Amino acid sequence: MKIQSKVQASVPEELELPVAGAMCRPNQPFRIVVADDDPTSRRLLKHLLEKWGFEVLLVEDGLKAWEIVRLQNLPSIAILDWVMPGLDGLELCRKIRALNRQHYTYIMMLTSKMERASLIESLRAGVDDYLTKPFDAAELQGRLLVAERTLRFQNELIAAKERIAHEARHDYLTGLFNRGGIMETLEREMSRSNRTGEQFSILLADIDHFKRVNDSLGHGAGDDVLREVASRIANSLRSHDSVGRYGGEEFLIILPVSGASAALGAAEKLRRVISEVPFKIADVESKITISLGVATSMPEGSVESLICAADVALYRAKNAGRNCTRVSSVPA
């Protein structure tokens, strides 16, 4: 038999709420999902939670709560009645904990069960906290402060993890993919091409006479040139193309669904974008040029053969006097 909650049948509009300390939350308040089949309890919780600035979603059974939590991978708080239709609070908690997701759902069980065995069972199921019925508003507010601290800390960990992952795959100077990042992208594109049969092309671009810039104007000026070349290339590509700093003054560009002719056109566009507008280096306008090698994938090709073909084409462009593009004639 369900034990009914002992909340008042109505909540006066002039209800004075106890203050257990101001809620300190990020710019966007955490979402709270309340699952309780007692309409009076839901109404009271909605009144309190919205008063405290939370976004509240109310449902009357566990199945509806499950659909909300399952489909929305957001940092959130779930206040669950232990005994309710569809899924009870404990079953729902176990299903939530079985989800493989990035963001954490902080679960607070709302229950009249006070037996030690019940509390241990709920903790083993993954409940973070519990509140006994009839609940005290000040106690609820205090426990929500704990939930918010937990979720904020988790968000900081996720942000730090994402920052580390980004830094591991990106070049600190240009902001482009680093060698590892662009090669990982190339491996994926090669796998896709071999699976679908669609050709793609790559460009290897090298800044001409870059050593002269470093030797005559210093490495700071060389860094400025690298950043500007990277910016011009990135801004000239299609949204689904990729570019990375392959090494030193060399860049690798990946052009999905592009044959040799389209890739040659893209390479010539990049060459003009670099050469036709002077660079301002140490307050002096200077002409910077690049040489490019183009290679296009072949059926059942490999990353190594494609890179090698583009490198051979780039070498030919350098020998042809630089500031030009050559297309590989070697199967890649």
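This is a predicted model: local features need pLDDT of at least 70, side-chain atom pairs count only at pLDDT 80 or more; totals for chains, interfaces and linings use all residues.
Mentor: Residues are numbered from 1 along each chain as its sequence is written, and side-chain values use heavy atoms, with hydrogens and water left out.

Trainee: Why is the protein called more spread out than a compact globule?

Mentor: The protein has ten helices and twelve strands, these being DSSP runs numbered from the N terminus (helices H or I, at least four residues; strands E, at least two). The radius of gyration is taken over C-alpha atoms, and the globule rule is 2.2 Å times the number of residues to the power 0.38. For 332 residues the rule gives 20 Å, whereas the radius of gyration is 30 Å, well over that value, so the protein is more spread out than a compact globule. Along the principal axes, its C-alpha atoms fill a box of roughly 90 × 50 × 30 Å.

Trainee: What makes helix H3 roughly parallel to helix H4?

Mentor: H3 (residues 89-97) and H4 (residues 116-125) pack at about 25 degrees, their axes 9 Å apart. Axes are lines fitted to C-alpha atoms, for helices over the stretch in contact, and angles run from 0 to 180 degrees between N-to-C directions. Angles under 35 degrees count as roughly parallel, over 145 as roughly antiparallel, 65 to 115 as roughly perpendicular and the rest as oblique. H3 is therefore roughly parallel to H4.

Trainee: Which residues make the contact of H3 with H4?

Mentor: Leu90, Cys93, Arg94 and Arg97 of H3 meet Glu121, Ser122 and Ala125 of H4, contact meaning heavy atoms within 4.5 Å.

Trainee: How do you know that H2 and H3 are roughly parallel to each other?

Mentor: Helix H2 (residues 62-71) and H3 pack at about 15 degrees, with axes 10 Å apart. They are therefore roughly parallel to each other. Their contact is made by Gly62, Ala65, Trp66 and Val69 of H2 and Leu92, Lys95 and Ile96 of H3.

Trainee: Why do strands S2 and S5 stand at the edges of the sheet?

Mentor: The open sheet of five strands has the order S2-S1-S3-S4-S5, with parallel pairing. Two strands pair if DSSP finds at least two bridges between them. S2 (55-59) and S5 (129-132) each have a single partner strand, so one side of each is left without a neighbour in the sheet.

Trainee: How many bridges join S1 and S3?

Mentor: S1 (residues 31-35) and S3 (residues 76-81) pair in the parallel sense over five bridges.
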